[in-house]
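These are my notes from one sitting with the model.

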Amino acid sequence: MPEIRYVRGDATVPSVKGVKVIAHVCNDLGGWGKGFVLAVSRRWPEPEAAYRAWHRDRASNDFGLGAAQFVQVEPYVWVANMIGQRGMRTGSKGAPVRYEAIDTALGRLADRAAELDASVHMPRIGCGLAGGKWSRIEPLITDRLARRGVPVTVYDHGDTA
């Protein structure tokens, strides 16, 4: 069974051939401005614009926990905006991360990656501002992506270890 590959580096600059999907977790409030999304926005304006429009028009689309939006940013590069956190702050209901929503979104990601014959690249999704635990997220990635033969690379930024 393929395993998740771990590397140091920037998930927005995957150095492999072929089609690539860069996946990350977004909140369900339409907020974009902290964490990994800043790295995404520095490289491409389209994912943020698409996410904001998706949120703005949510009454007439599938925006919500567990949804995934795929934005093509280069001929062989897509960004997956996955809705996997409720709100943005840790409060009385705990951290914003929603493991079930991430699991559902990863299933959608696996389908799209298979259609595109793409590899998937991501930071440790759900573990930064969302407050999740990698020990709960890693098995979801293994089940949804690696077991289906989708190559996955997880990036640890060099200055955060």
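Which residue in strand 4 stands opposite Lys20? I found Val77 in that position.

Before going further I noted the ground rules. This is a predicted model, in which local features need pLDDT of at least 70 and side-chain atom pairs count only at pLDDT 80 or more, while totals for chains, interfaces and linings use all residues. Residues are numbered from 1 along each chain as its sequence is written, and side-chain values use heavy atoms, with hydrogens and water left out.

Entry: strand 2.
I took helices (H or I, at least four residues) and strands (E, at least two) as DSSP runs, numbered from the N terminus. Two strands pair if DSSP finds at least two bridges between them. Strand 2 runs parallel to strand 4 (residues 77-85), and eight bridges join them. I also looked at strand 5 (residues 119-122), which pairs with strand 2 in the parallel sense over three bridges. There Ile22 has His121 as its bridge partner.

I then checked burial (buried is under 20% relative accessible area, exposed over 50%, partly exposed in between; 1.4 Å probe, protein chains only). Eight of the eight residues of strand 2 are buried, so the strand is largely enclosed by the rest of the structure. Lys20, Ile22, His24 and Cys26 cover one side, and Val21, Ala23, Val25 and Asn27 the other.

Entry: strand 6.
Four of the five residues of strand 6 are buried. Strand 1 (residues 5-8) runs parallel to strand 6 and is joined to it by four bridges, with Arg5 partnered by Thr153. Strand 5 pairs with strand 6 in the parallel sense over three bridges, and Val120 has Val152 as its partner.

Entry: the largest pocket.
I used a 1 Å grid over the protein atoms alone; a pocket is an open set of points where a 1.4 Å probe fits, with protein on both sides within 12 Å along at least five of seven lines, and lining residues have an atom within 4 Å of a point. The largest pocket holds about 900 Å³ of space. It is lined by 34 residues, and the closest to its centre are Lys34, Gly35, Phe36, Val37 and Leu129. Strand 2 (20-27), helix 1 (36-43) and strand 6 (152-156) are the elements that give two or more residues to this lining. Helix 1 gives the largest share, six residues.

Entry: salt bridges.
I counted a side-chain nitrogen of Lys or Arg within 4 Å of a carboxyl oxygen of Asp or Glu. The count by this rule is eight salt bridges.

I looked up Arg43 and Glu74, whose side chains meet at 3.8 Å, N to O. Arg43 lies in helix 1 and Glu74 in strand 3 (residues 68-74), so this pair ties together parts that are 31 residues apart in sequence. Arg43 is partly exposed at 40% relative accessibility, and Glu74 is partly exposed at 32%.

Next I took Asp103 and Arg144, with their closest N and O atoms 2.9 Å apart. Asp103 belongs to helix 3 (residues 99-116) and Arg144 to helix 4, so the pair ties together parts 41 residues apart in sequence.

Asp111 and Arg148 form a salt bridge at 2.7 Å, N to O. Asp111 is in helix 3 and Arg148 in the loop between helix 4 and strand 6, so parts 37 residues apart in sequence are tied together.

Definitions and conventions:
Points joined across faces, edges and corners; volume = space filled by probe spheres on them.
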